[in-house]
Amino acid sequence: MKIVVANSIGVDKNGYHIIHSPSRWSEGVKSKYHWFAYYPWELAYASSLLKLNTDYDVKFLDGCLERLNSNSYCERILKEKPDFLVMESATRMIDENLSLALRIKKAFGTKLIFTGQHANAFPEQLRALGVDYVCIGEYEYTVLELLKNPQSTNIKGLYPNERRALLDVNELPWPEDADVSRLSYGCPGEPSSEYLEVQMYGSRGCPFGCSFCVARNIYYNQSNWRPRATDKIVREITHLRNKYPAMEGVFFDEEVHNGDKGFTMGLTSAIVEAKLNDLKYEAMCDVRFLDEEILRAMKKAGYYKLRIGIETASEKVMQGINKRMDAPLVRQRLQAAKELGIKTYGTFIFGARGSDETEDTKTIVLIKDFVQNNLLDNLQISICTPQPGTPFYEYVKNNNFLRKNVRFDEYDGGNSALISYPGYDYKKIKKMKEIALSVRDHYFLKAKINDSSFQPWITAIYRRYGIRGLFFKMLRRLKTEFGYQCRKLLRSA
Ligand code: SF4
């Protein structure tokens with residue numbers, strides 16, 4: 001039996017290059033110089049499980065990595081003549097992914113298995129449109145059990161049955177690295193990753209419960225944090241390093257890499273003991289689990305950048321998104337990391353529950369403060385997108401805050417503003433995001449010119465993206481700076 005496990009289409013019908021990340025939020029970028037591919041980890045684990053536990057002919061394909069549009073991807077999948085097609089889609093790409101899957105079904109009678117954020121939110125709708133099976137929540141073992149016994153109807157995690165218990169992360173095999181190379185996702189790589197890094201996972205889950213979070217609310221449906229055994233992580237790094245001599249580092253891209261002090265201390269010392277601390281590590285972290293001892297251990301193990309979800313400076317928004325973060329603690333931890341020479345990356349959202357112009361302005365002021373004081377090296381600024389299936393989506397829908405007639409492809413974490421609150425409509429939210437971007441870029445540019453890191457920065461962009469990439473990136477920077485200066489002039493007029 002032939003199984004194709006396929007990531008999303010990589011270029012949409014409007015020419016957007018898709019940065020697909022259904023357990024967070026997917027987005028499209030017009031310029032290929034802003035594109036990169038996330039390793040589709042849940043699908044990649046499912047693929048490995050199928051290869052290891054069945055005799056089926058399993059093929060893993062990634063339309064995002066190969067930058068395939070609907071037609072070229074369809075041709076690619078058709079060549080495989082699959083009996084089953086497994087896809088994970090975010091709402092952003094569901095229309096095109098579904099229509100692609102239905103073309104495959106029409107050609108070969110292929111059975112369609114859909115998983116992920118959109119399938120969780122609209123299982124009945126997908127089945128009515130021709131999807132044969134919908135897997136709910138964390139789906140790797142559900143897909144395996146289903147494909148071992150497609151006639152069975154009482155599989156946990158298979159809609160409409162109840163969810164299955166959260167999986168044991170230590171039972172998972174290493175994810176797919178045969179039909180795609182894990183190293184290829186590092187090239188050009190996530191823009192803030194400074195080395196040729198493999199995306200890896202030291203844990204899974206998050207003990208917190210932000211209302212907009214897809215992973216927490218849709219994939220897991222509960223607070224949880226599951227670390228892998230440190231020896232297994234170290235073995236995986238060693239294996240990858242031996243397989244890919246060009247590999248320079250690891251990006252631990254799970255929800256919260258440092259969810260427990262014992263785990264972080266154990267992993268960092270295991271990395272040092274295995275002499276893997278000459279690699280460069282970056283990780284998604286939570287400041288609430290960082291202290292100076294942990295930061296020192298991370299530095300010693302080769303961690304060069306920590307990524308932190310700061311989200312907002314507003315107490316009201318913190319409450320709205322159900323995040324409890326002590327602002328002075330954030331500053332103190334960022335400061336401590338920087339003093340040790342660890343770089344920092346912060347994420348911020350605009351238009352979240354509880355926001356208005358005044359509250360989101362506080363976040364812009366904080367961004368300026370952190371950049372001016374060299375507390376953050378990179379900042380990600382997004383509009384808080386109500387991904388279907390999350391409590392945040394239910395909130396905006398039930399209160400009629402969602403714009404009318406929103407298309408599925410507008411659920412884009414980078415481009416669209418979909419919410420209008422009373423007195424703070426989607427246009428204002430979009431404008432606030434743009435102001436935040438221009439403030440960020442202006443103060444970064446100023447800092448780079450002042451501390452003479454401007455030239456190394458330009459050289460790094462040139463090396464990574466070539467002369468055309470450098471040109472387009474600089475053009476974009478000039479546009480943002482122009483916007484910043486115009487706003488300043490208008491304010492002073
Ligand atoms: S802290 Fe991050 S991973 Fe955890 S619930 Fe909030 S957004 Fe999700």
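This is a predicted model: local features need pLDDT of at least 70, side-chain atom pairs count only at pLDDT 80 or more; totals for chains, interfaces and linings use all residues.
Student: Into which domains is the protein chain divided?

Tutor: There are two parts here. Domain 1 covers 2–169, and domain 2 covers 185–451. Their C-alpha centres lie 25 Å apart.

Student: How many residues of each domain are in contact with the other?

Tutor: The size of an interface is often given as the accessible area lost when the parts come together. Here we count residues instead. On the domain 1 side there are 28, and they are in contact with 29 residues of domain 2.

Student: Which elements supply the side of domain 1 that touches domain 2?

Tutor: Strand E3 (27–29), helix H3 (94–108) and helix H4 (117–121) each supply at least two residues. H4 gives the most, with four residues. By class, that side of domain 1 has 13 nonpolar, eight polar and seven charged residues.

Student: What span should helix H13 have?

Tutor: Count 1.5 Å a residue. H13 runs over residues 357–372 and has 16 residues, so it should span 22 Å. Its end C-alpha atoms are 22 Å apart, which agrees.

Student: Which residues of H13 are buried?

Tutor: They are Glu-359, Asp-360, Thr-363, Ile-364, Leu-366, Ile-367, Phe-370 and Val-371. Now look down the axis of H13. The buried residues fall within an arc of 160°, so they line one face of the helix. On the other side of H13, Glu-357, Thr-358 and Val-365 are exposed.

Student: What covers the buried residues of H13?

Tutor: The cover includes helix H11 (315–321), strand E14 (343–350), strand E15 (378–383) and helix H15 (426–450). Look past the helix too. H13 is followed by Asn-374, whose phi is positive, near 55°.

Student: Let me try helix H8. How many residues does H8 have, and how far does H8 reach?

Tutor: H8 (residues 230–243) has 14 residues. From first C-alpha to last, H8 reaches 20 Å, close to the 20 Å expected.

Student: Why do the buried residues of H8 line one face?

Tutor: First list them: Thr-230, Ile-233 and Ile-237. Seen down the axis of H8, they fall within an arc of 65°, so they line one face of the helix. They pack against strand E11 (249–252) and helix H9 (261–273). Asp-231, His-239 and Asn-242 are exposed on the other side of H8.

Student: Last, the ligand. Which residues surround the ligand?

Tutor: List the shell, then sort it by class. The ligand is surrounded by Cys-206, Phe-208, Gly-209, Cys-210, Cys-213, Ala-215, Arg-216, Glu-255, Val-256 and Gly-309. That shell has six nonpolar, two polar and two charged residues.

Terms used: Residues are numbered from 1 along each chain as its sequence is written. A residue is near a molecule or strand if its C-beta atom, placed from the backbone, lies within 6 Å of it. Ala, Val, Leu, Ile, Met, Phe, Trp, Tyr, Cys and Pro count as nonpolar, Asp, Glu, Lys and Arg as charged, and the others, Gly among them, as polar. Domain bounds come from an automatic or database domain assignment. Two residues are in contact if their C-beta atoms, placed from the backbone, lie within 7 Å. The expected span of a helix is 1.5 Å times one less than its number of residues. A residue is buried if 20 or more other C-beta atoms lie within 10 Å of its own, exposed if 12 or fewer, and partly exposed in between; C-beta atoms are placed from the backbone. The arc is that of the directions from the helix axis to the C-beta atoms.
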